[in-house]
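Subject: Structure for your files, with notes

Hello,

Below is the structure I said I would pass on. My notes on what turned up in it follow.

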Amino acid sequence: MPYCEVGKAQSTDDAALNNGIQIYYRTYGHGPTKVLLIIGLAGTHDSWGPQIKGLTGTDRPNDDEAMAVDREPDGAHNEVGGVEVCSFDNRGMGRSSVPTKKSDYTTKIMAKDAIALLDHLDWKKAHVFGHSMGAMIACKMAALVPDRILSLALLNVTGGGFECVPKLDRKSLSIAIRFLKAKTPEQRAAVDLDTHYSEEFLEEIVGSNTRRSILYQDYVKGITSSGMQSNYGFEGQINACWRHKMTQAEIDLIRSGGFLVSVIHGRQDIIAQINHARRLAQKLQPVARMVEFHGAHLVTHERTEEVNQALLDLIKASEMKMSPHEWSNVPKKSSGVTEASSRTSVEREGNRILAKIHVYLLYIFSLLIMVFNLHFVNWVL
């Protein structure tokens, strides 16, 4: 099985901390263009399935002897030449190691896992794409080794901490209550669908059924076969999200790293609210492009073709050495203090206070989850 021994690829200090940690990964496709995919909270490597197929033309891993049968020579990846993709299970999930200490889970530590994987694969540089918590990890990675990043895609990202708090409205509260009550794969699948996808997408008719009914069966099957994430993994990855924060120095390292950034988000995302992603894109100006789609948290699955094209556009622009000012579509901040900006400051302070209230509510919600012994599965985030 393909595993990366994290400690073997790190410096003495990091190696001592990560002795015995194994990261499970798979590679797909072949070619000079390398893409590292970092999944989010409780996700596994195969959660990137639609993007793996879209970038490489195959969903068969390279260590599968039958892969040649499934290859599509005319896939979209040919627009930018051959692409090799690596997707992996973060520590605490899937087939990767599950440390028992919460302190062993931070986005910086997990970014170093990803860097160790690059070393293991002997990839000098790569395009790095992350989703949700994986996008937080990708940010840390880009700040740690900007010279190894060819481009950076941040999908359904937030800035961590209070920004991880889901939108607090009637729908979210209803989902939270249903989540607490869900004790079977069937109940859990119904809740997950409303969390991951927009209502419009779920009610679309596909053949003789709604997309909701089709996905529901897939979710029940997936939850039943994979089981729930362990306590240690769930609490550790949650800890990584709460503690995540990008300093101004780290933001500056990304802005001056010499690579382009895409911030891709679904407007109907109730988990990672889009205003946080827009704010991050603004901070990363002038190297960032903000790309918004009609979709929810799993916009990668809901708007697969559009997301894949946005990723291919990023790869192509990077290979063409497009200038940041050509690439970015994020408006520059206006200078000077106006009445409008003063109102914005007041609103921002109010939002900060509300966000703290949200954190306390979500903390209580997390305690309730532990009491009910519920955990996220590999479909979440």
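A residue is called buried here when its relative accessible area is under 20%, exposed when that area is over 50%, and partly exposed in between. By that cut-off Cys4 is buried, because its relative accessibility is 1%. Please keep in mind that this is a predicted model.

Cysteines

Cys139 is buried as well, at 3% relative accessibility. How many disulfides does the whole structure hold? The search returned zero. A disulfide is a covalent bond between the sulfur atoms of two cysteines. For Cys4, the closest cysteine sulfur belongs to Cys86 and lies 9.0 Å away, which is too far for a bond. The cut-off for a disulfide is a sulfur-to-sulfur distance within 2.5 Å.

Salt bridges

The count of salt bridges is 16. Three of them are described here.

Arg148 and Asp119 are joined through their side chains, with 2.7 Å from N to O. Arg148 sits in the loop between helix 5 (133–144) and strand 6 (149–155), while Asp119 belongs to helix 4 (residues 107–121), so this contact ties together parts that are 29 residues apart in sequence. Arg148 is buried, with 14% relative accessibility, whereas Asp119 is partly exposed at 34%.

Glu163 and Arg279 form another salt bridge, at 3.6 Å from N to O. Here the loop between strand 6 and helix 6 (170–181) supplies Glu163 and helix 12 (residues 274–283) supplies Arg279, so the pair ties together parts that are 116 residues apart in sequence. Glu163 counts as buried at 10% relative accessibility.

Asp194 is buried, with a relative accessible area of 12%, and Arg212 is partly exposed, with 22%. Both residues also belong to a network of salt bridges that links Arg178, Asp194, Glu199, Glu203 and Arg212.

Aromatic rings

A pair of aromatic rings is described by the distance of the centres and the angle of the planes. Three aromatic pairs were found in the whole structure. One of them is Tyr3 with Tyr24, an edge-to-face arrangement with 5.3 Å between the centres and 65° between the planes. Tyr3 is in strand 1 (residues 3–5) and Tyr24 in strand 2 (residues 22–28), so the pair ties together parts that are 21 residues apart in sequence. Which of these two tyrosines is buried, and which is partly exposed? Tyr24 is the buried one, at 0% relative accessibility; Tyr3 is partly exposed, with a relative accessible area of 25%.

Tyr197 and Phe201 make a stacked pair, with centres 5.3 Å apart and planes at 25°. Both of these residues are buried. Together with Tyr219 they form one aromatic cluster.

There is also a contact between a charge and a ring: the charged end of Arg289 sits over the ring of Trp327, at 3.7 Å from the ring centre.

In what order do the strands of the open sheet run? The order is 1-2-4-3-5-6-9-10, which makes eight strands, and the pairing is mixed. At the edges are strand 1 and strand 10 (288–293), each of which pairs on one side only. From one strand to the next the twist averages 25°.

Strands of a sheet pair through backbone hydrogen bonds, either parallel or antiparallel. The pairing of strand 3 (residues 33–38) with strand 4 (residues 83–88) is parallel and runs over six bridges. If you want a place to start looking at this pairing, find Lys34, whose bridge partner in strand 4 is Glu84.

Regards

Methods: Residues are numbered from 1 along each chain as its sequence is written. This is a predicted model: local features need pLDDT of at least 70, side-chain atom pairs count only at pLDDT 80 or more; totals for chains, interfaces and linings use all residues. Side-chain values use heavy atoms; hydrogens and water are left out. Buried means under 20% relative accessible area, exposed over 50%, partly exposed in between (1.4 Å probe, protein chains only). A salt bridge is a side-chain nitrogen of Lys or Arg within 4 Å of a carboxyl oxygen of Asp or Glu. Helices (H or I, at least four residues) and strands (E, at least two) are DSSP runs, numbered from the N terminus. Rings of Phe, Tyr and Trp (its six-membered ring) pair if their centres lie within 6.5 Å; planes under 30 degrees apart count as stacked, over 60 as edge-to-face and the rest as tilted. A charge sits over a ring if NZ of Lys or CZ of Arg is within 6 Å of the ring centre and within 35 degrees of the ring normal. Two strands pair if DSSP finds at least two bridges between them. Axes are lines fitted to C-alpha atoms, for helices over the stretch in contact, and angles run from 0 to 180 degrees between N-to-C directions.
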